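Reader: Please show me the sequence and the model. I would like to ask about some terms used for them.

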Amino acid sequence: MKIAHISSEVAPWCKSGGLGDVLGALPAAQARAGAQVAVFLPLHRSARESADKRGLALQPTGVTVTAHISGHQVSGHFLAHQDANGVKTFLLDCQRFFDRDGLYADADGRSYGDNGVRYAFFCQGVLQAASRLMGGTPDVLHAHDWQAALIPIYLRHASIPTV
């Protein structure tokens with residue numbers, strides 16, 4: 001079974017609370033049970049810093065995605081890492097949206113005004129790339145929290161290239 005987890009935070013890459021903890025543990029448990037598991041995550045600045053601190057080389061995948069968001073064309077590309085449990089983490093690199101001080105807010109705690117746009121791009125990017133990155137269509141797309149909430153809506157109603 002192919003399972004894709006879509007989340008804005010995953011421990012130890014980046015986290016602000018319990019969501020990151022769950023995504024740090026659940027995919028590994030599923031992989032140990034025999035599932036083919038992938039995690040899709042924005043390449044937040046803190047995720048890039050975590051990779052650097054842990055000495056992890058993020059591998060280019062050659063997969064680029066483009067979406068029309070808020071009247072603009074935005075592009076990004078996926079980098080990858082596979083852990084000892086066999087869980088593949090695919091990180092969407094788009095510095096315009098994800099190279100920021102915090103995940104959802106600046107250092108003073110002010111929410112980024114474009115969070116909806118940022119995560120709409122993330123959801124579209126994941127749907128454009130998931131099957132290519134996972135070697136086939138996932139059996140399960142697990143959209144975690146509001147940042148991934150557009151995944152099922154796009155699957156049902158949008159005419160974007162999908163999994």
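Author: Buried means under 20% relative accessible area, exposed means over 50%, and partly exposed is in between (1.4 Å probe, protein chains only). This is a predicted model, in which local features need pLDDT of at least 70, side-chain atom pairs count only at pLDDT 80 or more, and totals for chains, interfaces and linings use all residues. Residues are numbered from 1 along each chain as its sequence is written, and side-chain values use heavy atoms, leaving out hydrogens and water.

Reader: Why is D101 called exposed?

Author: D101 has a relative accessible area of 54%. The cut-off for exposed is over 50%, so D101 is exposed.

Reader: What makes R45 and D101 a salt bridge?

Author: A salt bridge is a side-chain nitrogen of Lys or Arg within 4 Å of a carboxyl oxygen of Asp or Glu. The closest N and O atoms of R45 and D101 are 2.7 Å apart, so the pair meets that definition. R45 is in helix α2 and D101 in the loop between α3 and α4, 56 residues apart; helices (H or I, at least four residues) and strands (E, at least two) are DSSP runs numbered from the N terminus.

Reader: Why is R100 called buried?

Author: The relative accessible area of R100 is 15%. Buried means under 20%, so R100 is buried.
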